[in-house]
Amino acid sequence: MSDAEQPTAAEVRAAAEAVKTALDRHLAAVERRIGEDDPAVHAAFNDLAAAAEEYDELLYERYDEVTPFDIPDAEEALPPYAGPDEPSALSVLIRRDYAVAEPRRLLSQAQRVADHDRGGAAAPPGSGAGTQGVVGDSVHAALGVLFGEYEADEVASRHKEFGLEEGDSTLWVVAAEEPAEPGEWLDAPFEDADPELVVCRFDMSAVFDEDPDEDSDDGELDDVMDIDEDAAEGLGGYQERRGRI
């Protein structure tokens with residue numbers, strides 16, 4: 001970048017003063033906040049993030065230096081909210097990815113469930129009992145048995161027990177003007193997942209951890225939230241990113 005294109009020293013200092021002002025406004029908004037979802041706090045946060053980003057860019061362009069600030073851009077994956085101010089209905093959309101890490105464990109657990117459902121008696125070969133009988137070597141059948149027996153949240157908390165390895169997951173809370181009619185969306189349940197109607201979202205992924213090897217004795221990632229040890233184990237060490245809350 002040529003000297004003519006570089007910001008002036010005065011512009012950099014003005015950007016620094018804007019950060020200071022934004023910091024004061026953010027603190028004041030936090031001190032006066034009403035509830036966890038105070039819009040004034042969110043607005044002050046966004047102003048502070050914008051001011052810090054502007055200062056960081058100008059500082060780098062002028063002096064080839066950077067700041068230590070890392071204000072999370074929690075809403076970078078979401079467009080501006082365009083839903084009702086006071087939703088009278090909502091939808092909760094969840095995606096959780098798993099890898100079948102231990103097929104034998106999965107098959108064994110599913111077979112145990114199938115046998116229990118049949119009163120402990122195994123189905124005879126060729127009986128056509130399907131997933132309610134002998135799971136055999138079918139991972140497809142085993143998954144059907146487990147997810148038919150357990151709620152998705154229980155599978156998530158016990159995934160290691162079932163031979164699964166968790167991947168990324170996300171949960172969207174989507175606002176609506178009114179509840180859907182029974183059966184209205186069953187043919188295409190995720191077709192109307194409009195990001196502009198997302199009230200809040202929670203993403204879990206190892207990608208949010210900057211240094212997965214730091215302070216980790218067993219290779220798992222440290223959790224970013226202040227939660228108890230049991231909850232941390234349930235999250236599998238993945239880190240969380242929250243959006244628009």
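**A pocket, a patch and some salt bridges**

About 520 Å³ of space lies in the second largest pocket of this predicted model.

Colleague: Which residues are the closest to the centre of the second largest pocket?

Modeller: The lining of this pocket is made up of 20 residues, and by class it has 15 nonpolar, 1 polar and 4 charged residues. Among those 20 lining residues, the ones closest to the centre are Ser91, Ala176, Ala180, Trp185 and Asp192.

Colleague: Which strand gives the most to the lining of the second largest pocket?

Modeller: Two strands, β1 (89–100) and β2 (164–176), each supply at least two residues of that lining. The strand that gives the most, with 6 residues, is β1.

Colleague: Is Leu90 buried or exposed?

Modeller: Leu90 is found in strand β1, and together with Val92 and Ile94 it forms a nonpolar patch on the surface, with about 270 Å² of accessible area together. Because its relative accessible area is 57% and the cut-off is over 50%, Leu90 counts as exposed.

Colleague: How far apart are the closest N and O atoms in the salt bridge that Asp97 forms with Arg95?

Modeller: The structure holds 7 salt bridges, and one of them joins these two side chains. Asp97 is partly exposed, with a relative accessible area of 29%, whereas Arg95 is exposed at 54%. In their salt bridge, the closest N and O atoms are apart by 2.9 Å.

Colleague: Which residues do salt bridges that share partners join into one network?

Modeller: The side chains of Glu154 and Arg158 meet in a salt bridge, with 2.6 Å from N to O. Salt bridges with shared partners make one network of Glu154, Arg158 and Glu161.

Key. Residues are numbered from 1 along each chain as its sequence is written. This is a predicted model: local features need pLDDT of at least 70, side-chain atom pairs count only at pLDDT 80 or more; totals for chains, interfaces and linings use all residues. Side-chain values use heavy atoms; hydrogens and water are left out. On a 1 Å grid over the protein atoms alone, a cavity is a set of points where a 1.4 Å probe fits but cannot get out, and a pocket is an open set with protein on both sides within 12 Å along at least five of seven lines; lining residues have an atom within 4 Å of a point. Grid points are joined across faces, edges and corners, and a volume is the space filled by probe spheres set on the points. Helices (H or I, at least four residues) and strands (E, at least two) are DSSP runs, numbered from the N terminus. Ala, Val, Leu, Ile, Met, Phe, Trp, Tyr, Cys and Pro count as nonpolar, Asp, Glu, Lys and Arg as charged, and the others, Gly among them, as polar. Patches are made of residues with over 30% relative accessible area and no salt bridge: like charges are joined within 9 Å, nonpolar side chains (Val, Leu, Ile, Met, Phe, Trp, Tyr) within 5 Å. Accessible areas come from the Shrake-Rupley method with a 1.4 Å probe; for residues, only the protein chains shown count as cover. A salt bridge is a side-chain nitrogen of Lys or Arg within 4 Å of a carboxyl oxygen of Asp or Glu. Buried means under 20% relative accessible area, exposed over 50%, partly exposed in between (1.4 Å probe, protein chains only).
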